Amino acid sequence: MVSLKHLALASAALASPVPPPGGFHLTVRDDAPYNASLPNVTIFATGGTIAGSAGSSDQTTGYAAGALGVDVLIAAVPQLRNVSNVRGVQVANVGSSEVTPAVLLNLTRQVRAELARPECQGVVVTHGTDTLEESAFFVDLATRTEKPIVFVGAMRPATAISADGPINLLEAATLAGDPDARGRGAMIVLNDRVASAFYTTKTNANSLDTFRAVEQGFLGFFVDIKPKFYYAPALPRGRPYFDVANATSLPEVDILYGHQALNPSLASAAVASGAKGLVLAGMGAGSWTKPGAKVIRDVVENNGTAVVYSRRTMDGFVEPTGAIGYGGGFLNPQKARIMLQLALYAGYEKAQMKSLFEFDA
């Protein structure tokens, strides 16, 4: 249960949102003495609904995301001190639609640096749910570690009746400090579920039980705040690693949505505006219209644009496409975009791209 004292603290903070700090810093609660028997877990906060505030306790839409700072989030869940020695880092404080490559690169560098410390057992990243899957996927591909990385969010703001943020945060911190969570790649925790960041996506705009990998399933479940895993530690097949330690920016990659009578010129317009790669959210198993396919061929042959075919359907596999572009396999458009950005940054040639996206070919 969240104490009245800390709810009052959270409510007071709503009137004056906590701005993100200028640089990397850690804060430790003065009222939480170090416990040598507990794991050390660092919470990186980026904003989102879990740090959101609304005008009333029954408002679950139209609220201000990223209104509370990481110290308030930690203070509102005193039970955290029972499962870990927690430290908080404010990386950003925005709705997740405002997360940029600069934020992602900064977050990844800080996560990597913290996990390199022998004293750190795992990390938690609080994040808005709208693009949580993209950030989790990015950090997963750009961090080489056995230690747990756990992304967590909330579907209701901190001010709502039965807000889900506190228990989600407590479960995420518990998971990050659990030795059985090692070697599973980055994970996502909401609504008592443990899921792989590689495949999991947001499936419902409003429901608490929104994050799912429909075909691949969950990794585990929580009972009494304790994670119970279904399987031994394993990583997704074909999961690559990209070193972005020295990156200051990422190539622009745009997503085009397939539909009847789509506008073929949108592809060339995206390339003209600076896109180095395109992801096509194709119809069915990645199909595109004939006029649209002609423009795609033109931008590939004349501009060297990298094109990945994905699908607008919830699930499915997009096969290799042949000479023009690459099949996106099991990746949805938003995750294919992240993968393509990283591959272009790494300077992948055509053969490497083919192997990356069509590892099952």
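Start with the pair α4 and α8, which cross in a right-handed way (a crossing is right-handed if the near helix is turned clockwise from the far one by less than a right angle, left-handed if anticlockwise). To find them, select residues 132-141 for α4 and 333-345 for α8. Helices here are DSSP runs of H or I with at least four residues, strands are runs of E with at least two, and both are numbered from the N terminus.

Before you go on, keep in mind that this is a predicted model, where local features need pLDDT of at least 70, side-chain atom pairs count only at pLDDT 80 or more, and totals for chains, interfaces and linings use all residues. Residues are numbered from 1 along each chain as its sequence is written, and side-chain values use heavy atoms, with hydrogens and water left out.

Back to the two helices: what angle do α4 and α8 pack at? It's about 35°, and their axes are 9 Å apart. (Axes are lines fitted to C-alpha atoms, for helices over the stretch in contact, and angles run from 0 to 180 degrees between N-to-C directions.) Now show some side chains: Glu-133, Glu-134, Phe-137, Phe-138 and Leu-141 on the α4 side meet Gln-334, Lys-335, Arg-337, Ile-338, Met-339 and Leu-342 on the α8 side. Contact means heavy atoms within 4.5 Å.

Next stop, the sheet. Four strands run in the order β11-β12-β13-β14 as an open sheet with parallel pairing. β11 and β14 (326-327) are the edge strands with a single partner each, so one side of each has no neighbour in the sheet. Helix α8 turns up again here, packing on the sheet and touching β11, β12 and β13 (306-311). Zoom in on β11 and β12 (277-282), which pair over five bridges; strands count as paired if DSSP finds at least two bridges between them. Val-253 sits opposite Gly-277 in β12.

Now select 165-176, helix α5. Is α5 mostly covered or uncovered? Mostly covered: 10 of its 12 residues are buried, including Leu-169, Glu-171 and Thr-174. (Buried means under 20% relative accessible area, exposed over 50%, partly exposed in between, with a 1.4 Å probe and protein chains only.)

Last, two loop residues. Ile-225, between β9 (220-223) and β10 (226-229), has a positive phi near 70° and is partly exposed at 23%. Ala-261, between β11 (253-257) and α6 (265-272), has a positive phi near 55° and is exposed at 74%.

Technical notes: The expected span of a helix is 1.5 Å times one less than its number of residues.
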